[in-house]
Amino acid sequence: MVFDEFLRELAVGSEFRDVIAKDFEESAATQPMNELYFLRMEYIRSNFPLCALPSDILERLELLAGHLAGNPALSLLAWHCFRRIYECPYTPEYGTLPDFGELLGDDAGLFHILLAMASCERIRNYYRTHGLPLEMAEAAPQRVGEFAALFRKVTGHPGMFSNHLYWFRLLADGLMFRIGRLEYEIAMPLGERNIRVFRHRRSDETVILSRQMWFDADGEWAEQENAAFGGDGFVIDQRRGLGTQRQFSPDENWEEVLTPDGQIITMHIPGGGGMTPEKCRESLRNAFAFFECFFPETPVKAAFTVSWMFHHHYAEMMPDSNVAKFQRILRLFPCRSKKNAGFRSIFARNDDDYATYPRTTTLERVMLDLVENGGVARNGGMLFLKEDLKILK
């Protein structure tokens, strides 16, 4: 089917055409003769439980899949979108999809779920090929349900946002792994980040020092032109993730234990609650063991990430929460932050009309109280060194 004929069949506008054109000819030439595997009823039913989706959408997914499979133009569209997500090269426009609302109405978000569920088989194939534990492959698709829950929270309808689909390429290509409650990206060098980490050779005391990092008067991250102090060698308060005015120059008794070429795994935190300290500890232990076993060529020195969850404000305001308990086993440091960090994760919005935000949970109330009282909702950085495993309880 040529592109112009394809568009006529779909009866869509020029904006749709502009977004969908890239790589179309290759998709038309490679479309399988048989029904697409991810639109088959048996595939959807067998993989549905792995995706942690609510049971009330299964029938709608099956109806939509049948509709797509039974229409040649829509079937080609599904194949083309599948290729854009899972097979086309990583480029700045990789994975960009048009708004399917005009074409599919309220089922547009469900179409995204079908595309996400296509990852189940690709993840299993990757794990089989590389000799990785298949039970981990079965756990990875939980992300479908977690993203779907956010979509429903925002729209009131079942579905998924298209900008979440790239996540499933990472899972299917072995660049991201679900290990218990948390996810981890494949190891990469620490690089020229704003921290240096030293350990005393005899006492095992560990310090984090700033590397061209600047602070406001409270020790929060600041741009240099607005900073009260900062630069190199300022000691970080690892419990609160704040800069201090104490400077330190390590001598020969100190070893730099995390250098720019040291390998780190980047942690990601799926939504959904239930992030107990026990589950977090178990995930960290198993993550280091997994990478040591299956990727021994890149020894992992630390787990690292940046998130609203690791700003000290939340532990101080909710000292008995899972967030606070998780912070207490980590090393925290300040970092650059966008406005209202965490608002999209918690509220799925980031506007200033705070009076219309929900205040259902303690966390929602704490976040809103912070900004309404003139505070700033910031990100915080966290570091967990491999050597820290020995002190996990």
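1. Let's start with the inside of this predicted model. By class, five nonpolar, six polar and three charged residues make up the lining of the largest cavity. A search of the whole structure turns up one cavity of 30 Å³ or more. Among the 14 residues lining the largest cavity, those closest to its centre are Glu220, Gly241, His311, Pro334 and Asn379. The space in the largest cavity comes to about 60 Å³.

2. How much space lies in the largest pocket? The volume there is about 1500 Å³. The largest pocket is lined by 45 residues, and Ile269, Gly271, Trp308, Ser345 and Ile346 are the closest to its centre.

3. Which element gives the most to the lining of the largest pocket? That is helix 11, with six residues. Several other elements each supply at least two residues of this lining, including helix 12 (166-172), strand 11 (263-268), strand 12 (300-307) and helix 17 (362-372). Helix 15 (322-327) and helix 16 (343-347) also each supply at least two. Sorted by class, the lining of the largest pocket has 20 nonpolar, 16 polar and nine charged residues.

4. Next comes the second largest pocket, with a volume of about 270 Å³. Its lining has 13 residues, and the closest to the centre are Arg193, Phe304, Val306, Phe333 and Cys335. Strand 12 gives the most to this lining, with three residues. The lining of the second largest pocket divides into eight nonpolar, three polar and two charged residues.

5. Finally, let's return to helix 11 and look at a partner. Helix 8 (residues 108-117) packs with helix 11 (residues 142-155) at an angle of about 165°, and their axes are 10 Å apart. Angles over 145 degrees count as roughly antiparallel, so helix 8 is roughly antiparallel to helix 11. The crossing of helix 8 with helix 11 is right-handed.

6. Which residues of the two helices meet? From helix 8 come Gly109, Ile113, Ala116 and Met117, and from helix 11 come Val144, Ala148 and Phe151. Six residues of this contact are nonpolar, one is polar and none is charged.

Key: Residues numbered from 1 in each chain as written. Predicted model: local features only at pLDDT ≥ 70, side-chain atom pairs only at ≥ 80, totals over all residues. Heavy atoms only, no water. Axes fitted to C-alpha atoms, helices over the stretch in contact; angles between N-to-C directions. Helix = DSSP H or I, 4+ residues; strand = E, 2+ residues; numbered from the N terminus. Parallel < 35°, antiparallel > 145°, perpendicular 65-115°, else oblique. Left-handed = near helix turned anticlockwise from the far one by under 90°. Contact = heavy atoms within 4.5 Å. Nonpolar A, V, L, I, M, F, W, Y, C, P; charged D, E, K, R; others polar. 1 Å grid on protein atoms, 1.4 Å probe; cavity = no way out; pocket = protein on both sides within 12 Å on 5 of 7 lines; lining within 4 Å. Points joined across faces, edges and corners; volume = space filled by probe spheres on them.
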